[in-house]
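I opened this entry to record what I looked up in the model. The notes take the fold, then the ligand.

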Amino acid sequence: MDDCVFCKIIKKEIPAEILQETEDFVIFKDIKPSAPVHYLAVLKKHIPSIKEIEHEDEALIGHLIHEAKSAAEKLGLSGYKLVFNVGRDGGQIIDHIHLHILGGWN
Ligand code: AMP
Ligand code: ZN
């Protein structure tokens, strides 16, 4: 956890372009965008990946999706993709749950 990049962003130890923040989430711009608009919705709770979520985390993950929807509206995206990469074989590099918000093609 101490060397987790996203925990450091949450603790403001490294900078990020933050779009919105609540008690449980932070949404910031991806540093290496894979789409014209690319943000990451990140849980403040350090859970490594979707593989590790427990029953008690279900509401939090639901809220994360809702938070991503509100960010997409704020960004004026008419359509978008929400993506969880899960595990190395699923393309996940940072072991702290995050939801990619991708859009801006039109
Ligand atoms: P994933 O492959 O799902 O683990 O995605 C990790 C994402 O985090 C990638 O799209 C990276 O470009 C992004 N990323 C890595 N470091 C930073 C950072 N310091 N600030 C913003 N985004 C980052
Ligand atoms: Zn973390």
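**Helix and sheet**

I began with helix H2 (residues 58-74), which lies across E1, strand E2 (25-29), strand E3 (37-43), E4 and E5 and runs at about 40° to E2. Contact here means heavy atoms within 4.5 Å; helices (H or I, at least four residues) and strands (E, at least two) are DSSP runs, numbered from the N terminus. Axes are lines fitted to C-alpha atoms, for helices over the stretch in contact, with angles from 0 to 180 degrees between N-to-C directions.

This is a predicted model, in which local features need pLDDT of at least 70 and side-chain atom pairs pLDDT 80 or more, while totals for chains, interfaces and linings use all residues. Residues are numbered from 1 along each chain as its sequence is written, chains are lettered from A and ligands numbered from 1 in the order written, and side-chain values use heavy atoms, without hydrogens and water.

I then traced the open sheet: 5 strands, antiparallel, in the order E1-E2-E3-E5-E4. Strands E1 (18-21) and E4 (80-83) are at the edges with a single partner strand each, so one side of each has no neighbour in the sheet. E4 pairs with E5 (residues 98-103) in the antiparallel sense over 4 bridges (pairing takes at least two DSSP bridges). Tyr80 has Gly103 in E5 as its bridge partner.

**Ligand 1**

I checked two polar contacts (N or O atoms within 3.5 Å). The side chain of His98 places an N or O atom 2.7 Å from an oxygen atom of ligand 1. For the side chain of Asn85, the corresponding distance to an oxygen atom of ligand 1 is 2.9 Å.

Note on methods
Polar contact = N/O pair within 3.5 Å; in protein donor to acceptor, adjacent residues only side chain to side chain.
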